[in-house]
Amino acid sequence: KTRRDFIKISAVGTGATVLGLSAFGAKKFKWFEPKIEGPVSDEDLTPYATYCEVCFWKCGAWAYVDKQGRIRKIVGNQNDPHCNGRLCPRGTGGVGMYYDEDRLKTPLIREKKADGSQEFREASWEEALDLVASKMKEVKEKYGPEAFGLFNHGNPGGHLEHLMRAYGSESNAEPAFANCRGPRSSAYFATFGAYIGSPECTDIRDTGCLVLIGSHLGENMHNSQVQEMSQAIDNGATIITVDPRFSTAAAHSTHWLPIKPATDIALLMAWIHVLIYENLYNKAFVDQYTFGLDHLKEHVKNMTPEWAYGITDIKPDVIRKTARAMAGAAPAVVIHPGRHVVWYGDDTQRERAMAILTALLGAWGKRGGLYIPEGVSVPKYPQPHYPEPEWTWKDINEGKYPLATMGITTELLKASVPRLNYKHQVKAWFVGGTNLPLAMPDKKLFKEAAEAVEFIAVMDTMPMEITGYADVILPEATYLERYDFIRSSPNRVPNIAVHVPAAEPKYDSKPGWWIAKQIGERLGLHDYFNYDDFSEVVDWQLKQLGTSLEEMKKIGVKEYPRKSGPLYLGDGEEFKFNTSTGKVELYSVDFADEGFEAMPVYKAHPEPPQNFYRLIYGRAPMHTFSRTSNNPNLWDLMSENAVWVNPKVADLWALKKDQEVWLKNQDGAVTSFPVKVRVTERIRWDSVYMVHGFGHSDKKLSRAYGRGASDEELITNIAVDPIMGGTGMRGNFITFLKDNPATEVKEDKA
Ligand code: MGD
Ligand code: SF4
């Protein structure tokens, strides 16, 4: 028996009734409250300023509440540049997060019974918070505060990060770096000395040519970007989409390049070759601002379209035609840097190639290319400095991944496994806002780490797979029920947005800031939590910014004049880039210094073995990762994923539309649940495609449990990016099992 069994909250004794649990039946579920009686006019509703947290685009919005205090609808804030008054389906459906009857309702504590079995029992907040604080004290005394690790994501994680820093730990990591956009940050920083940010500083609305390389805007529903893409289409922009799948974006493109997966660097280098050897690059920009053209010219000499054709399956004339189309529109070209970019382990180099292409087109700091973003700097609330930890996430890496700018999730997991003998070992976890079992590749590693640590506290809104590993579960209020940080992400025009509760927290849930403060106070960290209510912090910060909570409640979003100069570089304007050479580095001095290739090199990646197909995954417009699958409104729009299979492959395997299959990968990992087959020409014959975030194994999710399959279960092979530690996940191959492999024992399966 392991020290920590995965527990379904559904197995709670008394908790089961209190949690309102009904046995799950395939077609039987309780519909959500409230029973809305007919339409109500806007005059009878009160709007509350908020920003959407169903994904991290954070669109400014209004939550409309009726006279009975019930949230009736959420609409976009007209004055917000993240959404321009319109929300995506998830944002509109966000109200389902608040009404979801499966929500965590009360603190829960893991209890070991005399017969050795384990279950959750309900606890008071007092007891749960005391327990977390006492474990934090214990870990600090035994190993030092650094041994208490934090996995965080989004606003909830931000409050926990403040708590952990005050306590003395900076052993933190979030999936958004090593499992997502980390390679992009490292590559663009090395090239331009600047980050791309979120929202991305892509000037799509004014572009003449938008190049999407494995970026599926439209399915990835990042709001204002999708709006700008349709504007660009209406304006007649050339759209070039590189994707092995005929994505929604591909369907709206001038050119669709169905590339052989894992070969994008070859295509990018061939484009660079064409721009340089056909003299199509932007000479004025390159001469004035860049470093290393001669090196690059020599480097790509033999990387011709003919060379790339043999690798990518994209014909030389298509490569030339598309490169010329970019040059024709330059500098108004957006080479979209992508977002979830951890694919094959050489992702920083692929992102470098995209950054170099941008530079050759002179599209940095130019209208229709990448604009120069600016954010509002929110003043820090007066509090003492954090103590200096003896070691941090950087030391956990032990010198690996020199260009990582944030903690690496897999390294934090490895540091939690004593067998791996990390010099700095992690002994306990706090987890907030991330469902690690469905977000992390290499489930074995996750399980081993979760079983090894001495204590796990999880703060979440829903019973998710991660809560099954917790010793203490702290139910957080949803984004609609709490004050939270001021949003100040950089944009064209600096702006802020506030987050005001539209309703009281349902059940016995509490806001993240309150939870962090309660624990902090139990640890004697009063000076770091010197307010009674987080609204005081927000109001103080707003006053420093020349406004107030009172004003912001009425407007939701406020814009400020730019201080950093215009949105674009003027022709010939002097500009010093924040790189080692002060120039845009076509040849990266930093990469060379660290022993990495200074310019990208294409390297072949493993191919699927016979009867196996490359697993590609992505998003659906109505869901965000695994967090929305149980949302009643969004579940109603899409309740499960399907596996996309090319008709040739379907014929070969005699697979029919909607037939249920289990997927098995190259290492023998099998999905816990079957998934329906979608037979479609829209996917290449050598690959299959699934939407990420389905296949939940926690029965307490009465709608999402067992619906569709989890791609994460099939990602056992990780190609680690040596530059920044990214977890390349697309080197996994699957085959089909037509019969239920039920005899095999599945972890986390009830
Ligand atoms: P979610 O899957 O959305 O995000 O993965 P995660 O960071 O795990 O899970 C979020 C968790 O937060 C859920 O348990 C949800 O209930 C909880 N939650 C939601 N709102 C709140 C709240 O207000 N407070 C608290 N305390 N909890 C809340 C995303 C990660 O996954 C990322 S960023 C990327 S880009 C990667 N994407 C990705 C992929 O596309 N495919 C595959 N195969 N793996 C991926 N892993 C990465
Ligand atoms: Fe919400 Fe959609 Fe905006 Fe994301 S893009 S913050 S889900 S409205």
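A cavity is a set of points, on a 1 Å grid over the protein atoms alone, where a 1.4 Å probe fits but cannot get out, and its lining residues have an atom within 4 Å of a point. The structure shown here is a predicted model, in which local features need pLDDT of at least 70 and side-chain atom pairs count only at pLDDT 80 or more, while totals for linings use all residues. Residues are numbered from 1 along each chain as its sequence is written, ligands are numbered from 1 in the order in which they are written, and side-chain values use heavy atoms, with hydrogens and water left out.

**View 1. The largest cavity and its lining.** Searching the whole structure turns up five cavities of 30 Å³ or more. The largest holds about 100 Å³ of space; a volume here is the space filled by probe spheres set on the grid points, which are joined across faces, edges and corners. Look for its lining residues, including Trp57, Pro81, Glu228, Tyr371 and Arg492. By class, the lining has five nonpolar, four polar and three charged residues (Ala, Val, Leu, Ile, Met, Phe, Trp, Tyr, Cys and Pro count as nonpolar, Asp, Glu, Lys and Arg as charged, and the others, Gly among them, as polar).

**View 2. The second largest cavity.** About 80 Å³ of space lies here. Among the lining residues you can find Cys52, Cys55, Trp57, Cys59 and Cys88. The classes are seven nonpolar, two polar and two charged residues.

**View 3. The residues around ligand 1.** Helix 6 (175-192) gives the most, with three residues (helices are DSSP runs of H or I with at least four residues, strands are runs of E with at least two, and both are numbered from the N terminus). Strand 14 (455-460) supplies at least two residues as well.

**View 4. Polar side-chain atoms beside ligand 1.** A polar side-chain atom of Arg627 sits 2.6 Å from an oxygen atom of ligand 1. For Arg619, the distance from a polar side-chain atom to a ligand oxygen atom is 3.2 Å. His340 places a polar side-chain atom 3.5 Å from a nitrogen atom of the ligand.

How values were computed
On a 1 Å grid over the protein atoms alone, a cavity is a set of points where a 1.4 Å probe fits but cannot get out, and a pocket is an open set with protein on both sides within 12 Å along at least five of seven lines; lining residues have an atom within 4 Å of a point. A residue is near a molecule or strand if one of its heavy atoms lies within 4 Å of it. A polar contact is a pair of N or O atoms within 3.5 Å; within protein, one must be able to donate a hydrogen and the other to accept it, and residues adjacent in sequence count only if both atoms are side-chain atoms.
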